[in-house]
Every structure is written in structure tokens, then in C-alpha cells.
Amino acid sequence: MAVISIERMGLLSVFFVCLFFSSAFAVDRGNFKTCDQSAFCKRQRAFKPGQSPYRALLETLELSDSRLTLQLINDNNKVHLLLELYRLQGNMTRVKINELKPLKPRFEVPDVLIAEPPTEPLSVLSKDDNGVVLSLGAESQRLIVSARPFRLDIMEGPEVLLSLNSRGLLAFEHLRLRKDTQAQPEGAEVKESVDGDQQQDEGKKDEDEESNKEEDGLWEETFKSHTDTKPNGPTSISLDFSLPGVEHVYGIPEHADDLKLKTTDGGDPYRLYNLDVFQYELYNPMALYGSIPVMLAHNTQRTMGIFWLNAAETWVDISSNTAGKTVFGKMLDFVQGSSEKPQTDVRWISESGIIDVFIMLGPKPSDVFSQYASLTGTQSFPPLASLGYHQCRWNYNDQEDVKSVDQGFDQHDIPYDFIWLDIEHADGKRYFTWDPHKFSQPKEMLQGLMDKKRKMVAIVDPHIKVDSGYKIHNEITSKDFYVKNKDGGNYEGWCWPGNSGYPDFTNPEMRAWWASMFAYDQYEGSMENLFTWNDMNEPSVFNGPEVTMHKDALHGKWEHRDIHNMYGLYVQMATAEGQIQRSGGAERPFVLTRAFFAGSQRFGAVWTGDNAAEWDHLKISIPMCLSLGLVGVSFCGADVGGFFKNPSTELLVRWYQTGAYQPFFRAHAHLDTTRREPWLFGPENTALIREAVRQRYALLPYWYQLFFQAYRTGMPVMRPLWVDYPKDTATFTIDDEFLIGSDLLVHPVTEEGSRGVTAYLPGAGEVWYDVHTFQKHNGAQNLYIPVTLSSIPVFQRGGSIIPRKDRVRRSSACMENDPYTLYVALSPKKFAEGKLYIDDGHSFNYDTKKEFIHRSLTFANNALTSSNLCPDCNFLTSSWIEKVLILGASKPSKVVLKMNGKETPVDFEFDSSMSVLTLRKPGMNAGDDWTLLLQ
Amino acid sequence: MTCLHLLLTLVFAVSLGTPVEIQRPRGVPLTKKQFYEESKPFTCLDGSRTIPFDRVNDDYCDCKDGSDEPGTAACPNGSFHCTNAGYRPMFIPSSRINDGICDCCDTTDEYNSGAKCENTCKELGRKEREVLQKMAEITKEGFLLKQQLIEEAKKGREEKQGKVTDMQENKKQLEEKVEALRTVKEAAEQPEKEAKERHLKAWEEQKAAIRLEKDKAKMAEAFLELDDNSDGFVSVSELQSHAELDPDADGTLTETEVQGLMGGAAQVDTSTFESVWTNIKDKYHSESQPEEPAPVETPPDEVKEPAVDNDSEPYPEDDISEEDDEDEDDEDDYHEDDDKAPPTVKTPEKSHEDEEAMPPYDPDTQALIEAAQKARDDFEDSEKALRVMDDQIRNIEKELSFDFGPDAEFTYMYSQCYELSTSEYIYRLCPFNRVSQKPKYGGSETNLGIWGSWSGPENNKYLVMKYEHGTGCWQGPNRSTTVKLTCGKETVVTSTSEPSRCEYLMEFTTPAVCQEPANTEPSPHGHEEL
């Protein structure tokens, strides 16, 4: 059957091999730019720290209630910039810098902020010739604007929290006319070159250089036969930030690297430029599929964030004054009363747009999360089923194949919720269609899944086959919705279907039309249990520069250069909107995306792209998803098993065990790999995988509750330990274990042939319970855990209550009415608390009609109480409490259930060896108020 | 007694067509009814603990083995028994009780979920009986066919073995004949060779004499031509007029050079000219004749790229590009070699001298040649016959060497091919040889594997055939095909699929795998209970 597709693949493959991809298994670095090969990065990076040429013109200061403006001047070229400062609600400061009078407007990122951030009054505390001191509200926080050279310092009491332009790296390439085409030079331009010629200080990059010789890459730049015409010339911007007292910075995904960001001295900066990187390598700062320009800075005292709102290609340099020091050196500093305070310096460089920075001042990690959430929104609350297990492969060949895989899960008693179809399902990669031979009866197939309460995802990529027989293409063409090339024609590039057009998702009308294509009468063969996967939305253009779109392509009046990093966000936004609309706004969407930007969390899930079946790729899935969680994207996962290559059985089992404890849990495999459905590796391994998946399903109530919390507050679901233990420096670099919420600590086994792992259990004076054996361990220790192939080291925090559904069924929907078991893990003070969240699992009624149950569960003074956190909510569940396990308990003489003023005795058992008290079938409805008394 | 009772219940139930509930906890099979006695505490079937009977099926899991909750979903490892009267009883995981999905055809698994299930047992039972009946018929007929196949194969095998024995006998005779004819041939060739040599030698001598004559005549002619003043001598100056004789080819024929040619003499007469002639005859141009044109290099028209025809159908582009670069280079080299060595083309410029053809052999020699030729032909014919026979023997022996099953029941497939046409491709299975796939609408055939081995399960390896080492896949393995054999009256490929990339699966029916039907008529549903 597949020769046709093989031949297609063959063609493409040849194309790959010839054009960009080496045949060896590794990224071909030559296909992607280094900073040196990216003209603006090279230009900006050549700038060294020193005296800034920028000066604040204090006499231009204007202060309205919440907005301060001030002009800056570059003494080298006399170009005026406009600085805007805002005090935002929730302890944030916004700094905007644009040209005072740009030749034409510069791009400002729309649609990422959920609203214009509400401001708070700013007041001038003092002002003199050297600068201005502004009050940032109550917490003795001040913002100091220094005039000459220009710099900003944010202080709290005597401490400097953060400084801008303290190293003098502010650089703003103003729009200009090209010299050789300049008919009537403007005054300013003339001045610029004259002044420039006069001033050459300290080896700084001076704009005068261009008058001596046309500097490379200002008006045109070529990379591997692709020429970027730059009709607007140089437009890049740069700004530096200093973080005194900070040694740990995180975030700025997506990179296949450690959680803690490294210094970039002597190497390339971290790059943010959404790219389809074939066979990416680990532990380097190369760009990947998505970009979120948010960095978190953390020390024992405070957590802060920097959100650089810019969608153009961006590079981030990090340096540290303690980076090179050994532990001994640091100790010596400490003993000698350290000469120097540790400090991290960060510099952001973007190719175009304006400087628009949000400084989130914390001080707690949770404050930074809610601050960032208040700007860009929180994680969308996913349908419950999407937190279950997803079975994917490129490709399930036909309907028969789908059916037999579905049956395989039942035969082997492994639950799953979604089966996925990759690009081969469509008719010639024409998305929104079905292959007439292989998937001739999609509704029949979807109905078959629906009968088992299961769902499907079919891929819809943004590249549209140029084919006059294809409805989608014709409509986009007739509505003129395609991205344009620099000459105004439709931009065309090569992707899976061959020659393809790329809809302009930045256009709201285009997005509205795209959304309408998901209506059941438009998307033929679709049903309510069909969801969507947006791949290749960087966008991937096989024959484009760096496998993406030409920067001089046009989205209306803006260049692709300006919007590149948010193209993928728009694709997912429009797709999710389509899914909402098809149900008349009733049902939650589920859309997976590969490319993303700040704000993408509002639209669905992301995954870490085309990884490989290698142990290191399993390991890197942890820091990659942790980094995303820190900057808003909680719904993250990596392809279980690894996309490229065939995993060993051990690796596959370990990956299931790890993936079962990561937010988005999907197995996926490349077309060229051998089949790897969970039951193909012998009964023992089937059993191991089954057990891992069942652990996931039992914990779905907890996952769901955490996603509700993430949706409400912006708290990440999967978190680094330091988020909950911010003062414990031992946690700051840990990225081989992680927390799910606050209450589960997971240390997956990610080493081949491992016989044991050492997990760090945080929290002095706290305890952790092994969730499998209920054995209690003290916090603040490194615990060696011997492991077998069946081990998944997971611990529940003493002091927490986790609701589980231990009756695992074939899909999450089948478990809807099942009873809960409460796992009450007592702290040393015999206290525990937790939450329970219940709704219908799929609609927006929780939001629009307050149809949900939200309860607080508290164990204190030998009483476990369920109380209502949302008294005006209404939702009825038939789920009840079948069992309560109290870990770390002592034996009571009797147990009584108090409910509706009545007391009934409850049977119990006590296991004295592990101090586990099991309350048998208390039986109350999960939505009721009740108390269980241990007497 | 219990047994009898059970049996009676069964008969009764079947005849009425309505299930009769025998009191026992929900989800318990009759075989285990005795463990669930309402009047007594219940002991978990693993013996791990004993609980009051009211905790059986109370929707709370007390037993580790799940045995206290046969009728609820409370235990993670429990199983539920549905009677499915009219169809087959079965166990389902207890996690499927009341999950809203109808699993048991008698609907008993969904007693409290609100799922609207219909009792489909009768229908299923009827269908299953039909299928079983059909299967039984097929098996029966198939098995009969198989007996024939075995019989035929046995006969065929014996025939072939006999044939091989015969042929081996014949071969021996043939070998002897070949040897005899070789002797005859060699005996006839000796006189032939001698006679031919004689003839050739005589002709060579004759030719030399003629050549000498010619040379002499030429010399005389040249002498006359050179002797410009007709004084009977050729002088240095006379010779000097022939610039073409310049020994160092520098364009001028100097006096010294001429003297050299003339052996130092100032002039030569006809007799002494002979030595001079030897020096100059190769270069000498007759004055009377126009300069002989240089032999025209005949453009080898007929040689023009003979390779093109051989290779007019290049590989389909995609296939070729799937090869490694190295391979491509190799192929290119190969083609170049082809071009460099065109098929034997006789160059016309074989000889400058238009010599007369050799005179025909005299009748004696001719007779000898003819005799030898006949001996040669006879020898070659017999040798060829021997080769053919060898091939035949080898083929039969190869066939006999295949594992055609315990009773050689698969023999009949040998050298047969079976095709299946799908919407896009025609699949072709040639058992014990190869599997291939050809696009329906043009395009070249793809090899999906050549015969590898029987690779069914240990208890019957003859249920699966494996074909391996087919055309390679890009960045992947070589294509391979697994052929699953099931009992059928006809030998047919019923389906193909590609579950994993480049790993094909084929379903193939044949009487050869039909098992002997059970002695007794298979009961349509062998319920031991209701």
C-alpha cells in the first residue's frame, strides 16, 4: 500500500538530503545560523559593555497618573527615542522604548497580552539634574532613572533588584533611508554621519561605520543561497539587564538544554527563533520549534521575571561573575567576606520591533507566575480526556489499522483516550480531507471510537497545497489570505504536499475564516470526538532559509521578520477557536502545537517536537517541560519512545514510566520505525507499560485539579523543586526530578540498566511517603532508591491529600462516575490538606454556569473534613468516597463519619508496619460536606 | 448428581431459548458457585482472608485477588462472568462493568450505568454457528483437498525422484557419449589442422613471391622516375627533389641527408639502387600518381552509443535516488565502462594492402575440414544436452530439497503465483520464490522479499511464511513479507497490509493447512453451563 507514499517520501527525502539534511543522525548545524551568521546579532554582539551613548532628557519628562514618558538621545547620532514607564498592578514595571519619530511605525506585538495591563499610579519622589526617583508603590520600591548615561535601577530598600542599561548595551537601530537611494537626505541623517565621524569612543560600534563602508548585512544578507532583502535596513534593538545577587536564571524556552540557563560567554547566545530543526541535538543554545521570551531569576530571597515582548528573531546572552568560580572559590569568597556580590547579566537582542519589557518583581515564585499570567493569560483548562494517554504514530495506515490498534488496547487492558492520525490520513496532504482509500469512512471510524468513549486527533498543518482542485486553497486564494512574498505575489514554499501556500494567520479575518473551516459541515468527516494537531507551524518551509519562511515575506504591511515567532501561536489560536465555534461555544477545544510563543498556553498543549529514541532525549524531556512550565505552558510533553529511531524495550518502558508523570502523555513514532504499540514487546513489558499507564489514570483527578489551578492562577503543573522550596539552594539546579503540583515528587529512571537512583527529598522537617510502599522518608536528604524495571520512584508530600480514582477503566470518560480514594499523607504535625475538583470534564459550563465542585480537604486534630470552596457553584456527581488511606497515622479506637448532623461508624484497618490507616467505604458523595473523626 | 442437574438445566434452557437464572452472586461463573454460599462467611479465593458474606459484591474491594467483587468494578484485577445464553459465556475485566459500554451480549455487565444495551446473544450465536458451520465445512472440504494434495505431492515426488534417477542414469551415458565424441573430434581435428597449415603456408609463400615481384616493379618504376636526366643513374640532386624522403622530417631534405640515404654514393645505378630503395620505399611518393589520400577515418556510425538501447528504461527516478550516493557512483562507472567497450565492431581499416583473398582449400583439405566440423558439432550438441540434463536434475533436486510441509502438502504451490489486486497495486505471491508488488497504473515492480523460511509458532511452523531481503527502503530495512496461512478450499491471497513500514503482511488461504476435523460433529456452542 505504501509504495506511493514511500515514493513521495523518497522524493522528499532526496530533497532533504540534497538541500539541508545530512544523512547521519544529528542536526546539520550548517543549516542554521550562528550569531556570527546573523548580521544583526553579530553587529550587536560586537558592542562591548561600556559607557552608554544614551542620555535621558529629563526636561522632556511627562508624568500622567500612570504613565511616565521621557526622551532619550543617542549622543552619537542624535536620534531621539521615547521611553515609557508604567507601574502595573501586581508588582510589575513595564518599560517601553521606541523611536520618537520613526520613519514609519515599528512593529508592536499584538494579541499576546490578554488586555492592556492595568496600571497603578506612579509618583516622583525626587528629581534633579542627574535623574529622577519614582515610587513604585508601598513596598519601599523605587525606580531610579539616571540621566547621563541613561540607566534604570529598581530598588527595594537599599537593595538594587535589577538594573537596565547598566552595562551600556542599549542599542536601538533607528529606521533610515538607504544611502545610495537617498534622494533628499533628511537633516537628521546628515547629522548622523557627520557626528558619527567625529565620535569614535571605546571601540563601540558606531553607526558612522556605514558611512565609511557599507557594513555587511545592513540592507541585504545572504545565508546558504537565500538572500534576505532588507528594504527597511537595520532595525535591531538590544538592552541589558543586571541582576545583583542572582546566580540562577531559567526559562526562555525552547532549548534542548538544562533547566538552569548557562552563561553564554565564549559561545553562542540562546537563540529564540521558531525553527523546524531536523534531528535536534541536546545541550546547546540552538533555536527550536517555539520561543517564549521570558526569563526567571531566582535566589533565596526573591524570584523575578523579565518578559521581553518581541516576536522577531531574538538572541539572549547571559554572563555571570561567579560562573567560572569553583565551589572552593565561592567558599573562599564567603570566608573572606567576599569582595564581590554574585551577579548575573543578561542581554536581549532582537532583529526588529520595539523594546517592550515587563519586569515582574515577584517576590515569591508563585507571584511571578500570577504576574506573568495576568499579562498573557493562563493555561487553557483542557478537557479531562486530554490528560489521559494518547496513542500516536506516523502513521496509522487505514481505518482497519485504527480499529485493530483500538482493539489491541482492550485486549491488553491498557487504557487510552486518543488515537492520532498523522499527515498520511489526508488526501495527498490536503488537510481537512481524508484519503479516499485508506480513510473512506471517517465518521464510521470516529463513531467506533465514540462507542468506546474514545477520541481522535487528526493533523491539520498550516501549509496548504497549491492545487486548484482543493477547496481550502481556492478559498484562501479567492479571499487573498495567503502570505505574500516581497514582490507582492503569493508566497510559496515546499512542504509535505509539495508546493504550498501559507495562510496569513496574523490577519484576524483569515483566522475567523480558518476557524469556520472546523464546522462540522465544512470539515467533512469530522465529529465531536475529532480534535486537532497543528504541526510544522514555525512555519516549516523545506526550501526556505533555515527551513522556514523568508524574512522579507509580507503579512499585510508587516514583514515576516517582525512576526515570525508568533506565527505558530496564531495557527493554534485560530484552530482552537474553530473547535470552540463548532460546538457553539459549548465544548472545550484540544489542539496540540509544535511552535509556540508567549501566550500560547491559552490555546492548548505543546510537545517538544521530533526527538529521538535515545536515553539522553528521555532525560532532556524533563528540563524542557520544566522550562516551559515556568513561563506559563503547563501542558507539555515529549514523544514517548522517541520519534526518530527504534527504542530498546527498556528505554520504551522507562519512557512510558516517565511520560505517565508528565503533563501531556503521548507516544509517537516516525514512519520508518518498527511498530511499537505497548503490547508488542512480550507480556512482561506489556504489564510494565500497562501499570505505568494505569498509574496515570488513577491520578487523573489530581492532574485535573492541578490544571484547574493552573488555569486559575498560572501555577505550573509540572514544576522544578525550587518553586516550592525557594530557599533550599540544593534544589536550584535539579532537573532530573520534579514536582507535580506541590504534592508529588517524581524521580524517573532515565539511565539504561539502572539499579538505583538518588532522589533529593526537599523540605527540612518534612516527610515524604513512597506512593507504592507508603514508606516514610525525611525531607532534606538525598535518598538512594534501589530500582527494578517496574520502579517509578514517586513520593507524596507529608501534609497533602491526593484524590485518586483507583478503578482504572479503558478510557477517562468510562471513569466519570467512579468513586474516589483519598490518600491523606500526614505531616509530622499530623496535618494534611488537599483539594478536589469535579466537573463534566469537557464543556465550558464550569466557566459559564459555575457547574463544578471545588472542595477543600483538610486533616487536622484527627478529623478529616471536606468543605466547599465554591458555595455558589452547582454540579452533581455520582462519584463517592470509597476509601480513605491515612499515611503516617496511629491506630484509632473508632472512626465516625459526621454528616448532616448524623454520626455513623466507619470500618477501618490499621497496618502498623507502615502506619497506614484505611477507612473502609465511608461512602459519602464527593460533593457533600462531611467530617471523618478518628477517635 | 450436580453434573446431571447442570446438564438438565442446560438442555432445558436451550430448548426454551430463555436463560434460567441460577441463584449466585452477580458475575460468578457456575463453576465457582460453590465458593459463594450466602449462609457462610466468604473466604477470598486466594485464601488471603475471610469476610462476612454481605461484603461480597458490596462495591468495595476486600480481597487482593478481587474474588469478593465478581459483579462490581471495585477490584482492579477482578473479572466478571457473563453467561451470554445463546452465545458463548465469557469473562471480562471487572473494569468494564457499568462503564457505559456494552461488552456482554446479554447486557449483564451494564446493570447500573444507564447504557442502553440490547441482548444480542441469540443473533451472535446464530452468526457464530453459521460461521462455525461454514468453517467446519471449509475445514472438511479443505482437509479432503489436502489429502489429494498430499497424494499428488507424494506421487509427484516419487515421479520426480524416479525421473532424477533415470536422468542420472542417462546422464552417465551422455557423459560417456560426450567423452567419445570428444575423442572423435580431436582425432578429426588433427589432420584438419595439418592440412590447413599446409595450405596456409603455401599461400604465404606465394604471397611473399608476389610481394617481391611487386616491389621490384615499383623500384624499377621509381628508378625511372628519379632518373630525371635518364642517364641510368640516380644522383643526389635527383633524389633531393623528393622532399617527402626527409628522414628528420624538418621540412628540408639536405644533401647530407640524401647522401645518407644513398649510402654515401654520389649516384647509383639500377643494381645499386636496390639498397637505396630499401631506405626510401616507405616514404616515397610516385610522381605519376596523385598523392595517395590519407585513409579516411570512417566515422563509426554504427557504433553510435550502442549502450543506449540496452538501457532505454532508466530506473524510476525515485528508486534510484533512494540508493546511496556510493551506489549511484558505482552505477555510473559501470555505464561508462559500457560505453568504452562497445560491442565488437570491426574496424574497416584492417589492412592497407589490398591483398588477394586466400585461395580456397583444395578438395582434400576441404573434406578434412568438413569431417572435423561435423565431429565438433556432434560433440557440442552432446555437451549441450548434458548441460541441459544437468540443469534439469539440479532443478528437480532443488525442488525436492524444499520443505513442503510434513506431508509435502505445499508442493503444489511451487512454481505457482497468486495475485491480489487492490485499489492501487497488484500483489503477487510466488510461494517458495518471491513476493512482489506492482502499481496498477504503470510503474515498475517492487520486490517485497524472496523466500526465506517457515516461521510459524513452534507448534506449527507451517502457518507462516517469511520472505526477506526485498528491495531496500530509503533509510530503512529491506522490504520483507510475512504470509499467514489459513485453511481454505481455494488457494488465494485474501489481503495484504503494511503494518510497519516496509514490513508487509499477507493473508493466504490454502487447503494445505486445513486440520483434520474433529471426529464428532462440532457442537455449535459447547456450553457446559448457563
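Trainee: Where is A:Asp413 found?
Mentor: In this predicted model, A:Asp413 is in the loop between H7 and strand S23 (418-421) of chain A. Its phi is positive, about 55°, although A:Asp413 is not a glycine.

Trainee: What makes A:Asp413 partly exposed?
Mentor: Compare the value with the limits. Buried means under 20% and exposed means over 50%. A:Asp413 has a relative accessible area of 22%, so it falls in between and counts as partly exposed.

Trainee: And why is A:Ser225 called exposed?
Mentor: Its relative accessible area is 68%, and the label needs over 50%, so A:Ser225 is exposed. A:Ser225 also has a positive phi, near 75°, and isn't glycine. You'll find A:Ser225 in the loop between strand S12 (220-223) and strand S13 (226-229) of chain A.

Trainee: Which residues are joined by cis peptide bonds?
Mentor: One such bond joins A:Trp394 and A:Asn395, with omega about 15°. Another joins A:Glu538 and A:Pro539, with omega about 0°. A:Asn395 sits in the loop between strand S22 (389-391) and helix H7 (399-411) of chain A. For A:Pro539, look in the loop between strand S28 (530-534) and strand S29 (554-555) of chain A.

Trainee: On to strands. Why is strand S21 of chain A said to be largely enclosed?
Mentor: Count the buried residues: 6 of the 6 in S21 (residues 355-360) are buried, so the rest of the structure largely encloses this strand.

Trainee: Which residues point each way from S21(A)?
Mentor: A:Ile355, A:Val357 and A:Ile359 point one way, while A:Asp356, A:Phe358 and A:Met360 point the other way. All of them are buried. In a regular strand, side chains alternate between the two faces of the sheet.

Trainee: What makes strand S4 of chain A a partner of S21(A)?
Mentor: Pairing takes at least two bridges. Strand S4 (residues 92-99) and S21(A) have 6 bridges, so they pair, and the sense is antiparallel. Within that pairing, A:Val95 has A:Val357 as its bridge partner. Strand S18 (residues 303-308) of chain A also runs antiparallel to S21(A), joined by 4 bridges. There, A:Ile306 stands opposite A:Ile359.

Trainee: Which strands make up the open sheet of 6 strands?
Mentor: The order is S35-S36-S37-S42-S39-S40 in chain A, with antiparallel pairing. Strand S35 (718-719) and strand S40 (776-778) each have a single partner strand, so one side of each has no neighbour in the sheet and they count as edges. Inside the order, 3 bridges join S36 (residues 738-740) to S37 (residues 744-746). One facing pair there is A:Phe738 opposite A:Val746.

Trainee: Which residues touch the most other members of the largest nonpolar core?
Mentor: That core has 177 residues, and the ones you want are A:Phe307, A:Phe432, A:Trp514, A:Tyr656 and A:Ile740. Helix H13 (residues 615-630) of chain A gives the largest share, 9 residues. As for A:Ile740, its contacts include A:Tyr661, A:Trp703 and A:Val746, leaving out residues up to four places away in sequence.

Trainee: Why is the ring pair of B:Tyr418 and B:Phe508 called tilted?
Mentor: A pair of aromatic rings is described by the distance of the centres and the angle of the planes. Here the centres are 5.4 Å apart, and the limit for a pair is within 6.5 Å. The planes are at 55°, while stacked needs under 30 degrees and edge-to-face over 60, so the pair is tilted.

Trainee: How do you know that both residues are buried?
Mentor: Buried means under 20%. B:Tyr418 is at 12% relative accessibility, so it counts as buried, and B:Phe508 is at 0%, so it does too.

Trainee: What makes us say that A:Arg696 sits over the ring of A:Trp703?
Mentor: Part of the test is distance: the charge has to be within 6 Å of the ring centre. The charged end of A:Arg696 is 4.3 Å from the centre. In chain B, B:Arg26 lies over the face of B:Tyr111, at 3.5 Å from the ring centre.

Note on methods:
Residues are numbered from 1 along each chain as its sequence is written. Chains are lettered from A and ligands numbered from 1 in the order in which they are written. This is a predicted model: local features need pLDDT of at least 70, side-chain atom pairs count only at pLDDT 80 or more; totals for chains, interfaces and linings use all residues. Side-chain values use heavy atoms; hydrogens and water are left out. Helices (H or I, at least four residues) and strands (E, at least two) are DSSP runs, numbered from the N terminus. A nonpolar core is a set of buried Ala, Val, Leu, Ile, Met, Phe, Trp, Tyr and Cys residues joined through side-chain atoms within 4.5 Å. Buried means under 20% relative accessible area, exposed over 50%, partly exposed in between (1.4 Å probe, protein chains only). Contact means heavy atoms within 4.5 Å. Rings of Phe, Tyr and Trp (its six-membered ring) pair if their centres lie within 6.5 Å; planes under 30 degrees apart count as stacked, over 60 as edge-to-face and the rest as tilted. A charge sits over a ring if NZ of Lys or CZ of Arg is within 6 Å of the ring centre and within 35 degrees of the ring normal.
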